[in-house]
Amino acid sequence: MADPVLPQHARVVVIGGGIIGCSVAYHLAHMGCTDVVLIERDRLTSGTTWHAAGLIVTFGSTSETSTEMRKYTRDLYARLEAETDVATGFKPVGFIEIAADRDRLEEYRRVSAFNRHCGIDVHEISAKQVHDLFPLARTDDILAGFYVENDGRANPVDVTMSLARGARMKGAKIVEGVAVTGVTTKGGAVTGVTTTHGDITAEVVVNCAGMWARQLGAKNGVNIPLQSAEHYYLITDAIPGLSSSCPVLEDPGSHGYFREEVGGLMIGLFEPICAPWKVSGVPEDFSFGEIEPDWERMGPYVETAMKRVPISLDTGVKKFFCGPESFTPDLQPVVGEAPELKNYFVAAGMNSIGILTGGGLGRVLAHWILNGRADVDVTGFHIDRLHRYQSNPEYRRVRTVESLGMVYQCHYPTRSMQTARGAKRSALHDRLAAAGAYFKDVSGWEGADWYAPAGHEAKVETLSWGRQPWFDWWKAEHDAARNDVILMDMSFMAKFWVQGRDAGAVLERISANRVNGPKGTITYTQWLNGGGTLEADLTVTKLDDQHFWVVASDTAHRHVNAWMRRHIGDAHAFVTDVTSSYAQLNVQGPRSRELLASLTSADLSNEAFPFRAAREIDIGFARVFCVRITYLGELGYELYIPAEQAVHVYERIVAAGGPFGLRHAGLKALASLRMEKAYRDYGHDIDNTDSVLEVGLGFAVDLEKPGGFIGRDAVLAKKQTPLRKRLVQILVKDPEPLLFHAEIVHRDGKPVGYVRAASYGHTLGGGSRPTASR
Ligand SMILES: Cc1cc2nc3c(=O)[nH]c(=O)nc-3n(C[C@H](O)[C@H](O)[C@H](O)COP(=O)(O)OP(=O)(O)OC[C@H]3O[C@@H](n4cnc5c(N)ncnc54)[C@H](O)[C@@H]3O)c2cc1C
């Protein structure tokens with residue numbers, strides 16, 4: 001074969017010719033960016049794509065973005081052949097999800113209501129109907145099935161080839177047999193790639209290198225904490241009567257999915273406890289590769305799965321296949337511009353749904369690259385949600401055992417990942433544990449969710465969709481915040497010093513509110529992009545002209561950091577991430593002032609220390625940065641304490657708290673308290689697609705401030721047109737049902753939106769109080 005010839009320059013270089021790289025190249029070219037080169041180390045599909053089962057399923061997600069990507073993907077694969085003359089093998093044979101226990105029935109009813117709202121034609125069907133559609137399956141123990149007639153299967157290799165052809169037809173160049181050896185950079189931005197066949201300069205590089213993406217990213221300090229894991233299916237000998245038009249059947253309770261494959265049955269598996277593969281690094285020359293199956297480990301799962309289609313127990317196994325697939329710590333893909341390096345984009349870590357979301361993901365990323373921001377909510381899968389410690393070999397080895405297993409678990413609303421825990425603990429962790437805290441994973445931190453009273457263990461016996469045994473303890477914490485005073489450890493919040501002669505001007509430019517006003521004042525603000533939609537929702541405190549304190553939620557940690565750094569340019573301003581240096585204790589509730597006043601010599605009277613004041617105060621032997629602000633709607637203070645003095649301050653507060661009715665409170669209470677008062681939570685009830693006006697945050701925008709701010713023109717333009725969607729609050733009058741997320745809201749019998757975030761509201765007479773959008 002002649003040596004491949006590379007261009008010297010391309011606007012975009014895509015690394016990796018699996019389904020994702022080809023979809024990104026296809027969509028870039030279709031959006032008018034034809035100066036694209038895709039570089040594949042070996043041959044297209046040689047990584048993971050060649051052996052995928054090819055299920056094309058739109059049912060199953062309560063994320064609007066994921067559901068839209070699935071729908072788009074299915075429709076694309078259905079029409080692609082007409083455009084490219086290369087078949088995708090897409091067959092809309094139908095898809096059935098089985099619920100064989102009460103909890104899954106509850107979950108799938110919730111999911112199907114949301115999916116229907118998003119335009120997926122899913123119906124609940126009886127066991128008999130499941131039997132009629134898939135006669136080989138055992139159905140006597142089934143409570144219901146969920147059927148999507150237009151879903152089905154495709155051939156992943158054919159889809160990839162068809163996308164590649166579509167990309168080429170529009171002018172993109174696809175080169176096989178060339179490996180990218182590095183990404184070149186200058187001044188914190190990408191300048192091109194080096195390859196085994198020469199260098200290419202480029203404005204944008206997209207890392208779509210599948211399970212190699214982590215290793216490639218690490219060369220440039222880009223954090224992509226994915227891990228490959230063993231992933232299995234088996235194919236039986238031919239089974240008489242099994243038709244190729246038989247629908248795909250999925251039964252998570254039996255760990256398996258089932259579809260026809262050349263006259264036999266393909267049984268795919270998602271075992272609850274899985275096995276990471278090659279933690280130390282994926283071999284560079286692994287192509288069209290297979291992993292030796294571990295029969296002993298997988299045997300019991302295979303048997304359970306086979307029992308769902310009993311004839312398979314008596315049929316020979318033609319092939320037991322194991323191939324590697326990439327999994328991530330939270331089962332969400334790794335997508336977007338790396339916070340470490342400008343114009344370095346990533347799309348990897350597909351968690352076994354790279355084929356069925358690949359079309360949509362390619363479209364989303366191409367739009368993001370060409371327009372500078374995404375047109376869908378990306379808060380759940382943005383690469384900058386992930387932290388560097390998650391790339392540690394031990395973290396990947398331990399967490400991956402759980403993440404693949406989660407795919408087929410019941411997705412209980414209050415479940416937290418259980419593996420790789422204890423990685424980050426606040427200075428107060430042991431004290432909180434002794435006080436009865438039940439911890440959950442909060443961006444890797446052990447965050448107190450609720451507290452068990454003395455004599456009870458802080459333990460979750462059974463997860464469910466109903467009221468948990470700790471419901472009343474949660475209420476007690478909530479009530480203490482409304483009536484007395486609570487203490488909350490929020491040390492996981494992201495904290496930054498922003499300092500320098502131009503610090504105020506930089507922050508003023510990126511904040512929609514006026515943040516560079518009087519000294520000693522905290523300001524709630526949003527940061528917007530040029531399109532006027534939300535990049536961040538946080539507080540900025542001005543200490544003096546050259547010292548500012550920025551605090552954001554844990555999930556926004558790296559995004560906020562990168563956003564600030566990218567907007568400094570040549571200005572004299574310096575960002576220091578001091579999240580680990582300061583503990584944060586929130587003392588909130590009507591009696592918070594009395595309690596704190598008993599501990600400090602500082603004057604906390606309303607006159608001396610008004611709402612939004614920020615001062616250093618003394619507590620015992622400690623100096624504490626105290627801010628009067630609330631996220632739950634009561635008189636309250638946030639205390640930022642040097643980590644080494646946190647225990648001391650905590651002890652003083654707890655020792656003095658008794659007479660004031662002080663209670664520890666956790667994140668459940670924070671959720672119910674803040675939602676009753678409509679305080680927003682970025683990534684939950686607001687996201688990067690919302691404008692400030694749509695989500696009711698216009699009050700925090702200062703359109704008149706001198707010099708303006710990023711996004712101001714877009715906000716002004718938005719003001720001139722009627723709003724297309726709105727974030728509203730609703731209160732469910734019936735106190736019984738619990739709402740969590742993605743429930744559909746009807747008005748006058750018509751669906752008008754879905755719940756983005758919800759909580760029981762203990763003050764509002766017991767009704768659930770979700771937030772909905774339309
Ligand atoms: C058993 C099994 C069954 C599956 N079933 C399904 C299913 O039914 N439905 C579904 O949606 N998904 C399924 N998947 C998952 C799906 O296969 C993956 O999510 C998807 O293929 C990932 O695509 P990718 O493009 O990210 O990675 P890959 O296909 O691995 O592509 C990455 C490419 O990058 C290339 N590359 C790496 N490094 C470099 C470099 N330095 N320079 C140039 N090129 C490089 C590699 O050669 C490779 O071709 C399954 C996976 C497995 C293992």
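The following legends describe close-up views of a predicted model.

Residues are numbered from 1 along each chain as its sequence is written. Because the model is predicted, local features need pLDDT of at least 70 and side-chain atom pairs count only at pLDDT 80 or more, whereas totals for chains, interfaces and linings use all residues; side-chain values use heavy atoms, with hydrogens and water left out.

The ligand is surrounded by 36 residues, the closest being E40, R41, T49, E325 and L356; a residue is near a molecule or strand if one of its heavy atoms lies within 4 Å of it. Polar contacts are pairs of N or O atoms within 3.5 Å; within protein, one must be able to donate a hydrogen and the other to accept it, and residues adjacent in sequence count only if both atoms are side-chain atoms. The side chain of E325 places a polar atom 2.6 Å from an oxygen atom of the ligand. An N or O atom in the side chain of R41 is 2.8 Å from an oxygen atom of the ligand, and a polar backbone atom of V180 is 2.9 Å from a nitrogen atom of the ligand. The protein buries 98% of the 1,000 Å² that the ligand exposes when taken alone; accessible areas come from the Shrake-Rupley method with a 1.4 Å probe, and for residues only the protein chains shown count as cover. Two or more residues of the shell come from each of α1 (19–30), β2 (36–40), β12 (227–238), β16 (317–327) and α8 (354–371). Helices (H or I, at least four residues) and strands (E, at least two) are DSSP runs, numbered from the N terminus. By class, the shell holds 19 nonpolar, 14 polar and three charged residues. Here Ala, Val, Leu, Ile, Met, Phe, Trp, Tyr, Cys and Pro count as nonpolar, Asp, Glu, Lys and Arg as charged, and the others, Gly among them, as polar.

All five of the five residues of β18 (residues 344–348) are buried, so the strand is largely enclosed by the rest of the structure. Buried means under 20% relative accessible area, exposed over 50%, and partly exposed in between (1.4 Å probe, protein chains only). Y344, V346 and A348 are buried on one side of β18, and F345 and A347 are buried on the other. Strand β11 (residues 198–207) runs parallel to β18 and is joined to β18 by three bridges, with N207 opposite V346. Two strands pair if DSSP finds at least two bridges between them. Strand β17 (residues 334–337) runs antiparallel to β18, with four bridges between the two. Within this pairing, E337 stands opposite F345, and G336 has V346 as its bridge partner. β17 and β18 form a hairpin with six residues between them, and N343 in the turn has a positive phi of about 65°.

**View C. The five-stranded antiparallel sheet.**
This open sheet has the strand order β23-β24-β25-β22-β26, with antiparallel pairing. β23 (521–528) and β26 (574–577) are the edge strands; each has a single partner, so one side of each lacks a neighbour in the sheet. From one strand to the next, the twist averages 30°; axes are lines fitted to C-alpha atoms, for helices over the stretch in contact, and angles run from 0 to 180 degrees between N-to-C directions. Four bridges connect β22 (residues 494–499) with β26 in an antiparallel arrangement, and W497 has T576 of β26 as its bridge partner.

**View D. The six-stranded mixed sheet.**
The strands of this open sheet follow the order β28-β29-β30-β27-β21-β31, and their pairing is mixed. β28 (614–619) and β31 (662–664) are the edge strands, each pairing on one side only. The twist from one strand to the next averages 30°. β29 (residues 622–628) and β30 (residues 636–642) run antiparallel and are joined by four bridges; F625 stands opposite Y640 of β30.

T88 lies in the loop between α2 (64–84) and β4 (95–99) and is buried, with a relative accessible area of 2%. A polar atom of the T88 side chain is 2.9 Å from the backbone oxygen of Y77. S280 lies in the loop between β15 (264–269) and α7 (295–308) and is exposed, with a relative accessible area of 79%. From C-alpha to C-alpha, S280 and A209 are 17 Å apart in space, and they are 71 residues apart in sequence.
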